[in-house]
Amino acid sequence: MLSKIKISNFRSFNQSFEFDLSSSKNYEFNDFAIKNNNINHSVIYGRNGCGKSNLGLAILDIVTNIAPDDLVRINSLNDSYLNADSIEKEAHFHFEFIFEGNRVIYKYGKKSSDRITYETLTINGDIVLEINRAKSNLASYYLKGTESLIREIPKDNMSIVRYVSRNTILEKDDINNRIFESFTNFVNSMVFFRTLTKGPEYYGPRIDVKRLSSEIINRDKVQDFQDFLNLAGIDCKLIVTGDGDDKVIEFSFKKDSIEFSRIASTGTHSLGVFYYWYLQLTSGKYQFAYIDEFDAYYHFELAELIVKMLNKLDCQTILTTHNISLINNKLLRPDCYFEMDKKHIVPFYSLVHKDLRRAHNLEKIYKGIHSG
């Protein structure tokens, strides 16, 4: 799972920006949110323009190095990859992961979204892959089974991590090889998405999102989707019409039925998009999800319900919000909430000069901090 990221000269991040997901706090409640002293479920609060979306895109940038060619990307990245105020000509990324107590650190630099300048991958402090194109196109490999690989990788759009994972059958009995496989599998199962638009925008491995109905129908989840909408306060009845690949979900009325996508409000369509992704996350396809401004169209009770749903997943999740009411101990813990501005991101407990307990009203405390 992801433990830390440090970035610089990427989009809005001019200076070095660090997001640390490790935790040494011993809160005796909501321990589902922590896994191996690492935060498994978290919420980031920040005002518009502070960089929440860019943080998610920075985290998912690693996927462009390693994932398949049909990766879906956010189009704006091609136009504004490097920080516009910096004279430096490359962005720098530092990732740390934990897999069964083993630490993986992956560092790389890029001149653009698809031009890699250097890479270093270490496992428990030992370098296993390395290249620095400023000096040479020759890569260094230290994993068992890579001895016969060619060292020269002239293309700067080819990651050595991706090259090794695609061109080598690594020996399974070697611990570093197993950790390397865990690392690449994790990265290949990371996704960023937002539900702010009727055309779902996401960043990660390609899947078909042209029709929300087809996924829900094929998974036999129409009744469950209806129950979800009802629980969200939308009183409706859903039916399936059409045959074969032309099946669609429709709202059923006394005299007629109308296709979901034709009459769903912006908020209801947003719920449909969320439910689609929720099905993906429950399927086990993904190990990490960054969900940007997930509650933009939701009232508080619905936003709280969605957090509770995501907290049950065996998937590391990071949510961004403008809603400080979600900062409460009923959902998570003080080390799982983060406040973000343009230069820093800090856990909630670090803002408070006292020990926080389950009974504390975090929202009230937060308001008190910022009213003085």
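# Tour of a predicted model

The model contains zero disulfides, a disulfide being a pair of cysteine sulfur atoms within 2.5 Å. This is a predicted model, in which local features need pLDDT of at least 70 and side-chain atom pairs count only at pLDDT 80 or more, while totals for chains, interfaces and linings use all residues. Residues are numbered from 1 along each chain as its sequence is written, and side-chain values use heavy atoms, with hydrogens and water left out.

**Stop 1: the cysteines.** Select Cys-315 and Cys-336. Cys-315 is buried at 2% relative accessibility, and Cys-336 is buried at 0%. Here buried means under 20% relative accessible area, exposed means over 50%, and partly exposed lies in between (1.4 Å probe, protein chains only).

**Stop 2: the whole chain.** Zoom out and show the cartoon. The protein chain has nine helices and 19 strands; these are DSSP runs numbered from the N terminus, with helices being H or I of at least four residues and strands E of at least two. Along its principal axes, the C-alpha trace spans about 70 × 60 × 45 Å.

Of the 372 residues, 54% count as buried. Among contacts with a separation of 6 or more, 63% come from residues 24 or more positions apart, a contact being heavy atoms within 4.5 Å.

**Stop 3: the open sheet.** Follow the seven strands in the order β2-β1-β6-β7-β8-β9-β10, which pair antiparallel in an open sheet. The edges are β2 (17-20) and β10, each pairing on one side only. Two strands pair if DSSP finds at least two bridges between them. Next select residues 126-132, strand β9, which is joined to β10 by two bridges and runs antiparallel to it. Which residue in β10 is the bridge partner of Glu-130? It is Ser-140.

**Stop 4: salt bridges.** There are eleven salt bridges, each a side-chain nitrogen of Lys or Arg within 4 Å of a carboxyl oxygen of Asp or Glu.

- Select Lys-144 and Asp-174: their closest N and O atoms are 3.9 Å apart. This pair links distant parts of the chain, 30 residues apart, with Lys-144 in the loop between β10 (140-141) and α2 (160-167), and Asp-174 in the loop between α2 and α3 (175-187). Lys-144 is partly exposed at 45%, whereas Asp-174 is buried at 13%.
- Select Glu-96 and Arg-103: the N to O distance in this salt bridge is 2.7 Å. Glu-96 is buried at 9%, and Arg-103 is partly exposed at 33%.
- Select Arg-333 and Asp-335: this salt bridge is 2.8 Å from N to O. Arg-333 is buried at 3%, and Asp-335 is buried at 1%.
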